[in-house]
Amino acid sequence: LERHEASLGGEPLELTVKEYELLRMLLEHAGRVVTREQLIRGVWDTSWFGSTKTLDVHVSALRRKLRDDPAEPRYIHTVRGVGFRFDVT
């Protein structure tokens, strides 16, 4: 985490700053649901007033880079109406 690097299967992932911060927050709370509001406050800032669709776009990009199928996710699970959970099993 301190090097701001991520890899999948030994291959480095090319993540944007926001994608990395999103992944970091999900990993720090692995196995637990992180609400959309927590992610927006933690990845963006407390005074950010944009569309929550921005979060969806970043989650989608992160899933693509993790080769995670949103229909049958291995890593990032959507908890409808609440947020996301990173599964480490």
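R24 is buried, at 19% relative accessibility, where buried means under 20% relative accessible area, exposed over 50% and partly exposed in between (1.4 Å probe, protein chains only). The model is predicted, with local features needing pLDDT of at least 70 and side-chain atom pairs counting only at pLDDT 80 or more, while totals for chains, interfaces and linings use all residues. Residues are numbered from 1 along each chain as its sequence is written, and side-chain values use heavy atoms, without hydrogens and water.

The side chain of R24 forms a salt bridge with that of E28, at 2.8 Å from N to O; a salt bridge is a side-chain nitrogen of Lys or Arg within 4 Å of a carboxyl oxygen of Asp or Glu. E28 is partly exposed, with a relative accessible area of 42%. Because E28 and R24 are four residues apart in helix 1, about one helical turn separates them. Helices (H or I, at least four residues) and strands (E, at least two) are DSSP runs, numbered from the N terminus.

The count of salt bridges is six. One of them joins the side chains of D56 and R36 at 3.0 Å, N to O. D56 lies in helix 3 and R36 in helix 2, so this pair ties together parts that are 20 residues apart in sequence. D56 is partly exposed, with a relative accessible area of 25%.

L22, leaving aside its neighbours within four places in sequence, is in contact (heavy atoms within 4.5 Å) with L39, V43, L55, H58, V59 and L62.
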